[in-house]
Amino acid sequence: MLPAIAAAVLIGGGGAAAYWMLNRTRAAEMTAAANAAVLPDETIAIAHLTTTTFDDLAQFGTSIAQEETQRRVDALLTGFSPGLEWERDLKPWVGSITLGLATPTAQEAASGSDLHAYFAIAIRDKLQAIKFASSLKAEAGETAIESDYK
């Protein structure tokens, strides 16, 4: 009886470990360098934040400053999609975010174009990211444009 229980525990533990390994991104893949590698060559500045950075920043400042920061983050997220919330929608799957600012091409600069902003987001939990993407697709009136990064 004991060998059967031990085997069940090993199989269950191995399955759980395999699930975790297949659906989690290694920390080495969520670095500023890894994220910056997918930004355009014309990128002149980057800012890199991890999900723990947001949590760490929340402890600084007065309660009024914290509320104002949260209000601005909420407004930024609502600009992307109404009802979008950091804690509920993004934090479960986002590993890190890198913002890159890139110069316009010569042709764009001639027409008065400003800097371009790009986001590179490292996915920490692939299943949660798929769940989030599916919920965005399901929103009424929205059309999703899918593409593969190459």
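Ala 129 counts as buried, at 10% relative accessibility; buried means under 20% relative accessible area, exposed over 50%, and partly exposed in between (1.4 Å probe, protein chains only). The structure is a predicted model, in which local features need pLDDT of at least 70, side-chain atom pairs count only at pLDDT 80 or more, and totals for chains, interfaces and linings use all residues. Residues are numbered from 1 along each chain as its sequence is written, and side-chain values use heavy atoms, with hydrogens and water left out.

Ala 129 sits in helix H7. Helices (H or I, at least four residues) and strands (E, at least two) are DSSP runs, numbered from the N terminus. Leaving out residues up to four places away in sequence, Ala 129 touches Trp 93 and Ile 123; contact means heavy atoms within 4.5 Å. Asp 89 is 40 residues from Ala 129 in sequence, and their C-alpha atoms are 9.0 Å apart.

Helix H7 itself has 13 residues. From its first C-alpha to its last, H7 reaches 18 Å, close to the 18 Å expected at 1.5 Å a residue. The expected span is 1.5 Å times one less than the number of residues. Asp 125 caps the N-terminal end of H7. A side-chain oxygen of Asp 125 lies 3.2 Å from the backbone nitrogen of Leu 127.

Ala 129 also belongs to the largest nonpolar core. A nonpolar core is a set of buried Ala, Val, Leu, Ile, Met, Phe, Trp, Tyr and Cys residues joined through side-chain atoms within 4.5 Å. This core has nine residues: Leu 77, Leu 84, Trp 86, Leu 90, Trp 93, Val 94, Ile 97, Ala 129 and Phe 132. In soluble globular proteins, nonpolar side chains tend to be buried together. Val 94 is in contact with Thr 51, Trp 86, Ile 121, Ala 122 and Arg 124, its neighbours within four places in sequence being set aside.

Three strands form an open sheet in the order E1-E2-E3, with antiparallel pairing. Strand E1 (43-50) and strand E3 (116-123) stand at the edges, each with a single partner strand, so one side of each has no neighbour in the sheet. The twist averages 20 degrees from one strand to the next; axes are lines fitted to C-alpha atoms, for helices over the stretch in contact, and angles run from 0 to 180 degrees between N-to-C directions. Two strands pair if DSSP finds at least two bridges between them. Ile 46 stands opposite Gly 100 in E2. Ile 97 stands opposite Ile 121 in E3.

Strand E2 is mostly covered, with seven of its nine residues buried. Ser 96 lies in E2 and is buried, with a relative accessible area of 0%. The Ser 96 side chain makes a polar contact with the side chain of Asn 35 (3.2 Å). A polar contact is a pair of N or O atoms within 3.5 Å; within protein, one must be able to donate a hydrogen and the other to accept it, and residues adjacent in sequence count only if both atoms are side-chain atoms.

In strand E3, Ala 120 is buried at 6% relative accessible area. Ala 120 touches Asn 35, Val 38, Leu 39, Ser 96, Ile 97 and Thr 98, not counting residues up to four places away in sequence. Gly 100 is 20 residues from Ala 120 along the chain, and their C-alpha atoms are separated by 7.9 Å.
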